[in-house]
Amino acid sequence: MGASAHRIGALARHRVVLLRRSPGQVVVYTVMACLLTLVVEPMAELLPTAGVAAPPGARAAAGMLVFCSLFMAGVAGAAVVDERVWRTAERLRSTPARPAELLAGTALPLLGLLLVQQVVVLVVASTLYPTGLGPHWPRLLGVGTAWAACVLGIGLLLAAVTTTSAQLSTVKDLTALALSTTGGAVVPLAALPSWLAPAGRFSPAYWAVAGYLGGPAPAGTAVAVLAGVAVVTFATATVLLGRRRP
Amino acid sequence: MLDAEDLRASFGRVRALDGFTLAVGAGEVVGLIGPNGAGKSTFDRVVAGIVRPDGGSVRVAGVDSAREPYRARARLGLAGQDLALYPTATVRENLRLFAGLAGLGRRAGAQALERTCTELDLLDLLGRRVATLSGGQQRRVHAAAAMLPRPAVLLLDEPTVGADPTSRLALLGAVRTHAQEGAAVCYTTHYLPELDVLGATLAIAVAGRVVARGTRERLLAEAGTDDLDSVYRAWTAASPGPGAALAGTREA
């Protein structure tokens with residue numbers, strides 16, 4: 001157990017080094033979420049709420065956070081694709097580290113980063129506008145953790161089905177736009193075209209927004225759905241990555 | 001120290017290893033030579049556990065790598081044909097990772113890092129990002145990552161490709177030191193004079209198997225020549241060339 005924790009620690013520390021060396025995407029997507037919240041809030045006041053009681057500031061923050069954090073799936077995916085491009089994936093496989101240790105060492109810092117992004121965006125949003133989210137921090141913590149795991153799983157799955165950084169970038173953008181748009185993160189479901197709105201519940205973005213806002217779906221259900229998506233995407237990515245012949 | 005018996009591995013229709021058998025003793029450097037496509041790199045990858053063989057067995061320092069793959073990997077170091085380093089990280093950061101994965105604690109890792117970097121003349125480069133290094137310097141770091149934990153079995157696949165003379169000398173010196181300390185070294189190269197510098201025994205691989213094995217003197221005597229190039233050409237011309245080992249179409 002000690003040896004395993006030691007190896008995971010070595011990998012996690014190294015992942016932090018690599019993230020610090022290339023912070024651009026993380027900074028951009030975090031700042032983007034804050035700026036979009038700032039400019040979208042006035043529009044949120046005018047859009048239908050479909051019974052969600054949260055103030056416009058909270059609705060803008062939740063939507064823009066979910067929208068921008070989906071692009072962070074690219075940061076997660078890059079952790080895998082870069083290992084392939086640099087040929088370090090093979091080197092890691094020749095070490096005593098088990099696959100679960102390699103995954104944990106890579107995933108833990110990324111999970112932490114996704115959580116930090118959420119904290120920054122929600123805190124900035126709460127200083128810009130009244131969001132009413134502060135007292136609900138236990139719910140935010142649960143939803144935020146499940147959503148971070150979900151984004152991480154999506155990123156790993158995208159890395160498993162792509163080969164190059166360019167492919168990952170393209171697929172990541174399409175996935176982020178599709179999931180956030182259909183899920184009501186960019187425009188509330190109630191304001192979407194009638195033919196598109198029913199697809200919302202199939203997007204994890206819908207459950208993330210609902211979880212942050214405490215409606216229309218209960219937070220517990222949102223956490224369960226997001227955790228389920230995370231498990232499925234992780235498992236699928238693990239199988240697909242394991243099948244790749246070096 | 002390294003016992004590979006009758007290894008077989010195919011990639012689609014290409015039979016990369018076709019009964020590859022090689023044993024390397026403690027303190028021995030084996031120069032693994034052969035034409036492109038002979039299976040040399042695939043052999044290293046099978047021993048290191050990156051590729052699962054279709055048949056055969058491998059024992060690394062007495063550990064069966066099929067039954068206990070992670071214990072076996074803990075006893076070997078691999079520097080493959082392609083550079084495998086993190087370009088945005090420094091030399092020290094790269095080596096710290098591999099020291100940690102090899103189970104070295106902070107103090108032991110620092111000592112191993114200093115010792116290996118002294119051998120490979122990397123001390124002045126520790127703070128430099130790998131992407132800023134020359135090809136030869138990167139080759140030394142690549143080898144250092146494999147040598148750091150002082151493994152019982154060392155697999156080096158063309159470690160001096162593209163290396164300048166300074167880097168080449170440092171690498172060869174470090175390999176000799178490892179062998180003198182008891183490591184079994186499998187050294188793949190196309191530069192035959194390096195094997196003289198290392199005092200290596202030879203294994204000539206062709207079409208997925210070892211066709212000649214022994215000391216330089218013995219192979220020369222058997223061939224009736226004093227030119228190792230002639231011995232190499234004779235063995236590689238006599239056996240099927242690369243690509244001939246297609247499953248189901250092997251020539252007699």
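Me: What makes the gathering of Arg13(A), Arg92(B), Arg96(B) and Arg106(B) a patch of positive charge?
Reply: This is a predicted model, by the way. Lys and Arg count as positive, and like charges within 9 Å are joined into a patch if their residues have over 30% relative accessible area and no salt bridge. Arg13(A), Arg92(B), Arg96(B) and Arg106(B) gather in such a patch on the surface.

Me: Why is Arg106(B) called exposed?
Reply: The cut-off for exposed is over 50% relative accessible area. Arg106(B) comes in at 80%, so it counts as exposed. You'll find Arg106(B) in helix H4 of chain B, residues 106-119.

Me: There's a nonpolar patch too. Which residues form it?
Reply: Val27(A), Val31(A), Leu35(A), Leu38(A), Val39(A) and Leu128(A). Together they have about 500 Å² of accessible area on the surface. Nonpolar side chains, Val and Leu among them, are joined within 5 Å.

Me: Which helix gives the most to the nonpolar patch?
Reply: Helix H2 of chain A, residues 24-44, with five residues. Leu35(A) is in that helix.

Me: Now chain B. Why is Asp18(B) called buried?
Reply: Buried means under 20% relative accessible area. Asp18(B) has 4%, so it counts as buried. Its place is in strand S2 of chain B, residues 14-24.

Me: What makes the pair Arg8(B) and Asp18(B) a salt bridge?
Reply: The test is a side-chain nitrogen of Lys or Arg within 4 Å of a carboxyl oxygen of Asp or Glu. For Arg8(B) and Asp18(B) the distance is 3.1 Å, N to O, so the pair passes the 4 Å cut-off. The pair links distant parts of the chain, with Arg8(B) in strand S1 (residues 2-11) of chain B and Asp18(B) in strand S2, ten residues apart.

Me: Which other salt bridge does Arg8(B) make with Asp6(B), and at what distance?
Reply: The side chains of Arg8(B) and Asp6(B) meet at 2.9 Å, N to O. That is within 4 Å, so the salt bridge name applies.

Me: Which residues are linked in a network of salt bridges?
Reply: Asp6(B), Arg8(B), Arg15(B), Asp18(B) and Arg209(B). Over all chains, a search of the whole structure finds 17 salt bridges.

Me: How do you know that Glu28(B) and Arg213(B) form a salt bridge?
Reply: Their closest N and O atoms are 3.0 Å apart, so the pair meets the 4 Å limit.

Me: And what does the pair of Glu28(B) and Arg213(B) tie together?
Reply: Glu28(B) lies in the loop between S2 and strand S3 (29-33) of chain B and Arg213(B) in strand S10 (residues 209-214), so the pair ties together parts 185 residues apart in sequence. Arg213(B) has a relative accessible area of 25%, so it is partly exposed.

Me: Over in chain A, why is Ser4(A) called buried?
Reply: At 18% relative accessibility, Ser4(A) falls under the 20% cut-off, so it counts as buried. Its place is helix H1 of chain A, residues 2-21, and its side chain makes a polar contact of 2.8 Å with the side chain of Glu101(A).

Technical notes. Residues are numbered from 1 along each chain as its sequence is written. Chains are lettered from A and ligands numbered from 1 in the order in which they are written. This is a predicted model: local features need pLDDT of at least 70, side-chain atom pairs count only at pLDDT 80 or more; totals for chains, interfaces and linings use all residues. Side-chain values use heavy atoms; hydrogens and water are left out. Accessible areas come from the Shrake-Rupley method with a 1.4 Å probe; for residues, only the protein chains shown count as cover. The place of a charge is taken as NZ of Lys, CZ of Arg, CG of Asp or CD of Glu. Helices (H or I, at least four residues) and strands (E, at least two) are DSSP runs, numbered from the N terminus. Buried means under 20% relative accessible area, exposed over 50%, partly exposed in between (1.4 Å probe, protein chains only). A polar contact is a pair of N or O atoms within 3.5 Å; within protein, one must be able to donate a hydrogen and the other to accept it, and residues adjacent in sequence count only if both atoms are side-chain atoms.
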